[in-house]
Amino acid sequence: MPEQKKLLKALAGKSQKVPPVWIMRQAGRYLPEYRAVRQNAGGFLDLCYNPDFATEVTLQPIRRFGFDAAILFADILLLPQALGMTLWFETGEGPRLEPVTNMAEINRLKPVDAIHETLAPVYETVKRLSADLPDETALIGFAGAPWTVATYMVAGRGTPDQGPARRMMYQSPADFQALIDLVTDATIEYLAKQVEAGAEVVKLFDSWAGALSGTAFEQYALKPAVKIATELKKRFPALKFIAFPRGVGGGYATFADAGVFDGLALDSAVPAQWARDNLQNKLAVQGNLDPMHMVTGGDMLVSETRRLLDILGDGPYIFNLGHGITPDGKPENIEKMLKVIRG
Ligand code: CP3
């Protein structure tokens, strides 16, 4: 019975004595079994595009920890690749793309309909997960939010301040808007296919939303997220939608007021009491333990986990970190955290 899944209950606005828990980047390098599969696969992208490997690494943290949700193993940068951009990962550094910086280059990208050819293996992974997961485990699909994806498309790599995209959005607003519109439309079709393949929840990762200010926040973070959620819910009325506008501070209240999201993922800087008083009366909140506790463990891990449960546990709540677990996170600290949450 899907409505019995703890994650879906929380996203339907219900509070639970023991909240559902999963963690961002739960399939990843901190797990020895992930590193073993990754070695076999070759590169990270080979892992993403091989349904056997991608299904296996998605299931690893479910088997080990019994998390209440599995998140599809893929990457937010597969979408620009499906739009025709060249993508590779420099070992030890991160993603690289051939940048797109003006209208002529945007016009050379593929049309939205063409993305499914590249992304078909991802949909196959979702389909297999949907069949293989335990009955109580919810399946989360995801995509990058248009702004965050565009920061990589324009710079061709990760940047400390998202400078290239911020420069383009002020200097060439029409070109930049065309890029955001293309990614927004492609994201809707990408997520729709994930839902058709069995994703019950989708999460939109706007990891760099905190770099936006003033009208740019509304134009490039809020508006595209609302459009994506509204269109998907029109097509799939039962779908639950989590937004993650990381780093937006008080902008979280603007997201809550939009009325279309079921959950908001909080970064670690959002005060829990503020989230309880200003967000949790409108939707479910998810978060927001500092991922560093997964490295350091000890009494602070226990007391900070308890603190979050005390403050947020009476409303609709999903326990998680404020960002992804890092490669030096320790599996035994996850066990310790789970013991506090589940008793
Ligand atoms: O959470 C999960 O377990 C699902 C899988 C997932 C990955 N990336 C796998 C991954 C998800 C949801 C993402 C999202 C993602 N990818 C984001 C948004 C979330 C966030 O963390 O802010 C971003 C910005 C990216 C882009 C990206 N992918 C970068 C910048 C990097 C390099 C940095 C790094 O951690 O190495 C990646 C690589 C990546 N994506 C890895 C994983 C497991 C590491 C790849 C490896 O095995 O070497």
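## The largest pocket

The largest pocket in this predicted model has a volume of about 1400 Å³, where a pocket is an open set of points on a 1 Å grid over the protein atoms alone, at which a 1.4 Å probe fits and which has protein on both sides within 12 Å along at least five of seven lines. Its volume is the space filled by probe spheres set on the points, with grid points joined across faces, edges and corners. The lining of the largest pocket consists of 41 residues, and Arg25, Arg29, Phe44, Asp75 and Phe89 lie nearest its centre; lining residues have an atom within 4 Å of a point.

At least two lining residues each come from α2 (32–41), α3, β2 (87–90), β3 (94–97) and α8 (146–155), and β3 gives the most, with three residues. Helices (H or I, at least four residues) and strands (E, at least two) are DSSP runs, numbered from the N terminus.

## Basis of the model

Residues are numbered from 1 along each chain as its sequence is written. Because this is a predicted model, local features need pLDDT of at least 70 and side-chain atom pairs count only at pLDDT 80 or more, while totals for chains, interfaces and linings use all residues, and side-chain values use heavy atoms, with hydrogens and water left out.

Strand β1 (residues 69–71) runs parallel to β4 and is joined to it by three bridges, with alanine 70 having leucine 139 as its bridge partner. Strand β5 (residues 201–206) also runs parallel to β4, through five bridges, and there valine 202 stands opposite glycine 141. Two strands pair if DSSP finds at least two bridges between them.

## Helix α7

Helix α7 (residues 115–132) has 18 residues and reaches 26 Å from its first C-alpha to its last, close to the 26 Å expected at 1.5 Å a residue, the expected span being 1.5 Å times one less than the number of residues. At proline 121 the helix bends by about 40 degrees, an angle taken between axes fitted to the seven residues ending there and the seven starting there.

The buried residues of α7 are Ile115, Leu119, Val122, Tyr123, Thr125, Val126 and Leu129, and they pack against α3 (44–48), α4 (51–65), α5 (78–82), β4 and α10 (173–197).

## Backbone details

Most residues other than glycine have a negative phi, and most peptide bonds are trans. Arginine 25, in the loop between α1 (6–11) and α2, has a positive phi near 60 degrees and is exposed, with a relative accessible area of 53%. Glutamine 162, in the loop between α8 and α9 (163–171), has a positive phi near 55 degrees, but is buried at 4% relative accessible area. The peptide bond from glycine 287 to asparagine 288 is cis, with omega near -20 degrees, and asparagine 288 belongs to strand β8 (residues 284–289).

## Glycine 329

Glycine 329 lies in the loop between β9 (317–321) and α16 (331–342) and is buried, with a relative accessible area of 6%. Leaving aside neighbours within four places in sequence, glycine 329 is in contact with Tyr30, Met294 and Val295, contact meaning heavy atoms within 4.5 Å.

Methods:
Buried < 20%, exposed > 50% of the residue type's maximum accessible area, 1.4 Å probe, protein only.
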